Amino acid sequence: MDKNTWRAKTRDELIVEVWEALDCESAGARELKEIQRMVEERFGRGAVESPAAIARTLADEGAVLRHPEVLEFDSEWRIEHASELSEIDDLEFSSLESAALSLHRLETLRTQLGTRTDGPGLKSLLDLVSEYRRDVLLVAGSKIAEVAARAEAREIALWLRVWLEQPDLFADWLSLRTSSPEFIQKFGDRQLP
């Protein structure tokens with residue numbers, strides 16, 4: 001199957017079109033894998049939905065599902081997909097330097113996952129970053145943390161908020177932010193990674 005032959009303009013249209021091209025009586029793991037492959041080829045990795053989500057789309061179109069196979073494949077896919085995020089378990093946001101490195105790693109992973117906001121991997125990544133931001137905000141509001149640590153935590157929380165809201169613009173924004181007079185006055189002229 002060549003991606004240039006597909007007429008579909010959306011992911012759901014492509015799912016149905018590939019399903020019809022497979023010309024199968026029922027859908028199971030093999031068919032769902034092929035559909036995922038075609039979606040990734042056409043729209044990128046971030047557009048690939050879980051096997052269960054693809055199966056729902058097919059069922060809405062009248063496809064007969066081989067439920068045990070679909071459930072098993074969906075479970076395997078989710079476990080495999082979760083392991084992609086495990087490589088970033090050691091992110092650190094305790095200093096501006098460690099936050100800059102961690103955000104660089106996050107941006108690399110976000111790019112690998114794609115830019116679609118409805119992909120399951122990207123959603124997991126955004127949820128993880130939101131948790132890190134909540135943790136940083138706790139330090140920023142702590143009465144027992146040193147003044148300098150609270151100031152850095154507030155700055156890091158700002159970085160994380162911008163990354164969550166505008167990840168495509170983040171690298172340029174961070175460069176401008178760290179060279180701003182306000183930043184230099186608060187934190188000095190630091191060379192961040």
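Tutor: Begin with a term: a polar contact is a pair of N or O atoms within 3.5 Å, and within protein one must be able to donate a hydrogen and the other to accept it. Keep in mind that this is a predicted model.

Student: Which backbone nitrogen does the side chain of serine 95 reach?

Tutor: Serine 95 is found in the loop between H4 and H5. Apart from residues up to four places away in sequence, serine 95 touches Glu152 and Ile156. A polar contact needs N or O atoms within 3.5 Å. At 3.1 Å, the backbone nitrogen reached by the side chain of serine 95 is that of serine 98.

Student: How many helices and strands does the protein have?

Tutor: Along the sequence the pattern reads α-β-α-α-β-α-α-α-α-α-α. The totals are 9 helices and 2 strands.

Student: Are the rings of phenylalanine 93 and tyrosine 132 stacked, edge-to-face or tilted?

Tutor: A search of the whole structure gives 3 aromatic pairs. In the pair of phenylalanine 93 and tyrosine 132, the ring centres are 5.0 Å apart and the planes stand at 55°. Planes under 30 degrees apart count as stacked and over 60 as edge-to-face, with the rest as tilted. The angle of 55° falls between these limits, so the pair is tilted.

Student: How many residues apart in sequence are the parts that this pair ties together?

Tutor: Phenylalanine 93 lies in the loop between helix H4 (67–86) and helix H5 (96–113), while tyrosine 132 belongs to helix H6 (residues 120–140). Phenylalanine 93 has a relative accessible area of 10% and is buried; tyrosine 132, at 16%, also counts as buried. The pair therefore ties together parts whose separation in sequence is 39 residues.

Student: In which helix do phenylalanine 183 and phenylalanine 187 both lie?

Tutor: Their ring centres are 5.0 Å apart with the planes at 45°, so phenylalanine 183 and phenylalanine 187 form a tilted pair. Phenylalanine 183 is buried at 0% relative accessibility, and phenylalanine 187 is buried at 10%. The two residues are 4 residues apart, about one turn of the helix, and that helix is H9 (residues 181–187).

Student: Which element gives the largest share of the largest nonpolar core?

Tutor: That core has 25 residues, and Phe93, Leu103, Leu106, Trp159 and Leu160 have the most contacts inside it. Two or more residues come from each of H5, H6, helix H7 (147–165), helix H8 (170–178) and H9. Apart from this core lies another of 23 residues, among them Ile15, Trp19, Ile54 and Leu65. The largest share of the 25-residue core is 7 residues, and the element that gives it is H7.

Student: Is proline 68 buried or exposed?

Tutor: Proline 68 lies in helix H4. Exposed means over 50% relative accessible area. Proline 68 has 64%, so proline 68 is exposed.

Student: What span is expected for helix H2?

Tutor: Helix H2 (residues 29–43) has 15 residues. The expected span is 1.5 Å times one less than the number of residues. From first C-alpha to last, H2 reaches 21 Å, close to the expected value of 21 Å.

Conventions: Residues numbered from 1 in each chain as written. Predicted model: local features only at pLDDT ≥ 70, side-chain atom pairs only at ≥ 80, totals over all residues. Heavy atoms only, no water. Phe/Tyr/Trp six-rings, centres within 6.5 Å; stacked < 30°, edge-to-face > 60°. Buried < 20%, exposed > 50% of the residue type's maximum accessible area, 1.4 Å probe, protein only. Contact = heavy atoms within 4.5 Å. Core = buried A, V, L, I, M, F, W, Y, C linked by side-chain atoms within 4.5 Å.
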